[in-house]
Amino acid sequence: MAAPIALLSVYDKTGLLELAQSLQQAGVRLLGSGGTANKIRAASIPIEDVAAITKAPEMLGGRVKTLHPAVHGGILARDISSDEADLAAQSISKISIVVCNLYPFTETISKPNCTIVDAVEEIDIGGVTLLRAAAKNHSRVSVLSDPRDYDEFVKAWVAGNGDVGDKLRRRLALKAFEMTAAYDEAISSYFREQYASAGGDEELSSGLVQRMAL
């Protein structure tokens, strides 16, 4: 039987190494995006890059990392025969755990010298998509959006031999939905204010800001 897969892509790396070590010791195969994988690998914990399953490099300065059918097919697949057939046809493996948190949009826009260009580059696309996909399929997938849940999750995973139970998956999914809802509200509120003011005329020049890799 194939090892369960966890995908890790986080901005806030609090508790990341301890989580990765615990999952790896529990027999979980780890996949990570850029900076997340690098940090885990630097601690001598075995992890593969997301490119191992997408067969595509990160691109556009990190704007595209996990947006790929090999990732989201693996997250969204249900335990039904038609989904199993689709995965088999594309050689996609199921992903059981998604660990993700988002670029710090609200922290960025609170800085006095923040420009619209700065704010735009803090709008997380791939992370929100990971969270929503995993939360949508919480009947099978566990989504960890808050480092404070790592310890409880690991204990439940080990105790349940890979099954943390519906109750915990539901609670984690709700937290992820609340996170993305608050994130979207912060973004829309910011641009509503900016574009209703004189600041809305600021030119959105491309390529001026480079994001830190997750």
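The model is predicted, so local features need pLDDT of at least 70 and side-chain atom pairs count only at pLDDT 80 or more, while totals for chains, interfaces and linings use all residues. Residues are numbered from 1 along each chain as its sequence is written, and side-chain values use heavy atoms, with hydrogens and water left out. In outline, the protein chain has ten helices and five strands; these are DSSP runs numbered from the N terminus, with helices being H or I of at least four residues and strands being E of at least two.

**Overall build**

- Taken along the principal axes, the box filled by the C-alpha atoms is roughly 60 × 40 × 35 Å.
- Some 43% of the 214 residues count as buried, meaning under 20% relative accessible area, against over 50% for exposed and partly exposed in between (1.4 Å probe, protein chains only).
- Of the contacts between residues at least 6 apart in sequence, 66% join residues at least 24 apart, where contact means heavy atoms within 4.5 Å.
- The accessible surface is about 11,100 Å², and carbon and sulfur atoms hold 53% of that; areas come from the Shrake-Rupley method with a 1.4 Å probe, and for residues only the protein chains shown count as cover.

**The sheet**

- The five strands make an open sheet with parallel pairing, in the order β3-β2-β1-β4-β5. Two strands pair if DSSP finds at least two bridges between them.
- β3 (48-49) and β5 (142-144) are at the edges with a single partner strand each, so one side of each has no neighbour in the sheet.
- Strand β1 (residues 5-9) runs parallel to β4 and is joined to it by four bridges; Ser9 stands opposite Cys100 in β4.
- On to β4 (residues 97-100), which is parallel to β5 and tied to it by three bridges, with Ser142 in β5 as the bridge partner of Ile97.
- In a regular strand the side chains alternate between the two faces of the sheet.
- In β4 both faces are covered, with Ile97 and Val99 buried on one side and Val98 and Cys100 buried on the other.

**Helix α2**

- Helix α2 (residues 34-42) has Gly34, Gly35, Thr36, Ala37 and Ile40 as its buried residues.
- Those buried residues pack against β1, α1 (16-25), β2 (29-32) and β3.
- Ser44 follows α2 and has a positive phi, near 65 degrees.

- Thr54 lies in helix α3 (residues 51-54) and counts as buried because its relative accessibility is 7%.
- Leaving aside neighbours within four places in sequence, Thr54 is in contact with His68, Ala70 and Val71.
- Thr54 and Ile92 are 38 residues apart in sequence, yet their C-alpha atoms are 9.3 Å apart in space.
- Thr108 is in helix α6 (residues 105-109), and a relative accessible area of 10% makes Thr108 buried.
- With neighbours within four places in sequence again left aside, Thr108 is in contact with Cys114, Asp118 and Glu122.
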